[in-house]
Amino acid sequence: MRIVIAGGHGQIALRLERLLAARGYEVAGIIRKAEQSDDLRAAGAEPVVLDLESASVEEVAERLRGADAAVFAAGAGPGSGVTRKDTVDKGAAVLFADAAVRAGVRRFVVVSSMGANPDHRGDEVFDVYLRAKGEADAYVQGLESLDWTILRPGALTDDAGTGLVRLEARTGRGPVPRDDVAAVLAELLDTPATSGLTLELIGGSAPVSVAVKAVAGN
């Protein structure tokens with residue numbers, strides 16, 4: 001199984017790459033800077049240098065051809081301004097989804113954000129971020145050619161993962177370690193029955209595999 005991850009050098013993406021490589025999957029991570037390549041190789045992933053803010057749909061589709069699944073885990077980052085929320089958090093997500101459709105990659109998982117809403121109001125940077133993520137999510141949800149799952153984690157922490165989560169359509173706000181977000185993503189990729197679901201994720205009491213099976217109806 002080959003999985004391509006956009007935003008391959010992100011904190012969640014690197015964790016996910018390690019997990020997927022340990023499961024024996026072939027993993028590629030799309031990165032903007034060539035100097036990040038060694039970090040991906042150390043995580044067991046193939047680095048693919050491509051700037052999603054300037055690439056064409058066909059250029060991205062070329063990197064996706066032959067993949068079994070795609071994960072959008074890119075983000076402009078907390079230090080970025082309003083403009084990059086639109087070009088990365090929305091624009092790159094839309095581009096990646098369109099490229100997956102063109103490449104014939106049906107399984108598509110999005111790392112979104114709790115509170116993402118295309119109708120979110122406000123002009124502060126975080127308001128723009130939540131609106132951009134919401135607009136990207138809505139776009140993906142409208143693509144019938146994709147078997148999508150959207151994951152909206154709560155407040156991300158660098159605490160060691162516990163392997164215990166709460167994963168539901170609505171969880172309410174709360175923290176969740178990045179380790180556990182990556183573990184849930186890996187399990188979602190292995191659970192096609194979660195296609196068509198938009199899920200919130202926080203720390204909880206259910207083992208990751210049990211939580212994913214529960215939302216999948218198993």
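This is a predicted model: local features need pLDDT of at least 70, side-chain atom pairs count only at pLDDT 80 or more; totals for chains, interfaces and linings use all residues.
Residues are numbered from 1 along each chain as its sequence is written, and side-chain values use heavy atoms, with hydrogens and water left out.

The sheet comes first. Helices (H or I, at least four residues) and strands (E, at least two) are DSSP runs numbered from the N terminus. Nine strands form an open sheet in the order 3-2-1-4-5-6-10-8-11, with mixed pairing. Strand 3 and strand 11 (206-207) are at its edges with a single partner strand each, so one side of each has no neighbour in the sheet. Two strands are said to pair if DSSP finds at least two bridges between them. Strands of a sheet pair through backbone hydrogen bonds, either parallel or antiparallel.

Strand 1 and strand 2 are a parallel pair with five bridges, and in strand 2 the bridge partner of Val 4 is Ala 28. Strand 4 and strand 5 also run parallel, joined by four bridges; Phe 72 has Val 110 in strand 5 as its bridge partner. Helix 4 packs on the sheet, where it touches strand 1 (2-6), strand 2 (26-31), strand 4 and strand 5, and its direction makes about 175° with that of strand 4. Such axes are lines fitted to C-alpha atoms, for helices over the stretch in contact, and the angles run from 0 to 180 degrees between N-to-C directions.

Burial is judged by relative accessible area: buried means under 20%, exposed over 50%, and partly exposed in between (1.4 Å probe, protein chains only). In strand 1, five of its five residues are buried. In a regular strand the side chains alternate between the two faces of the sheet. Strand 1 is covered on both faces, with Arg 2, Val 4 and Ala 6 buried on one side and Ile 3 and Ile 5 buried on the other.

Ile 31 belongs to strand 2 and counts as buried because its relative accessibility is 2%. Contact means heavy atoms within 4.5 Å. Not counting residues up to four places away in sequence, Ile 31 touches Gly 8, His 9, Gln 36, Ser 37, Leu 40, Pro 47, Val 48, Val 49 and Leu 50.

A nonpolar core is a set of buried Ala, Val, Leu, Ile, Met, Phe, Trp, Tyr and Cys residues joined through side-chain atoms within 4.5 Å. The largest such core has 35 residues, and Ile 5, Leu 20, Val 71, Leu 151 and Val 184 have the most contacts inside it. Helix 6 gives the most to this core, with eight residues. Apart from this core lies another, of 34 residues, including Val 60, Ala 97, Val 110 and Ile 150. Leaving aside neighbours within four places in sequence, Val 71 has contacts that include Ile 3, Ile 5, Phe 96, Val 111 and Leu 189.

Helix 5 (residues 125-141) has 17 residues and should span 24 Å at 1.5 Å a residue; its end C-alpha atoms are 24 Å apart, which agrees. The expected span is 1.5 Å times one less than the number of residues. Among the buried residues of helix 5 are Val 128, Leu 130, Ala 132 and Val 140. The buried residues of helix 5 pack against strand 4 (69-72), helix 4, strand 5 (107-111) and strand 6 (147-153).

The structure holds 16 salt bridges, a salt bridge being a side-chain nitrogen of Lys or Arg within 4 Å of a carboxyl oxygen of Asp or Glu. In one of them, the closest N and O atoms of Glu 53 and Arg 84 are 2.7 Å apart. Glu 53 lies in the loop between strand 3 (46-49) and helix 3 (57-64), and Arg 84 in helix 4 (residues 82-103), 31 residues apart. Glu 53 is partly exposed at 34% relative accessibility, and Arg 84 is partly exposed at 25%.

Arg 102 and Glu 58 form a salt bridge with their closest N and O atoms 3.3 Å apart. Since Arg 102 is in helix 4 and Glu 58 in helix 3, the pair ties together parts 44 residues apart in sequence.

Asp 158 and Arg 178 form another salt bridge, with a closest N and O distance of 2.8 Å. Asp 158 is exposed, at 52% relative accessible area, whereas Arg 178 is buried, at 14%. Salt bridges that share partners join Arg 15, Asp 158, Arg 178 and Asp 179 into one network.
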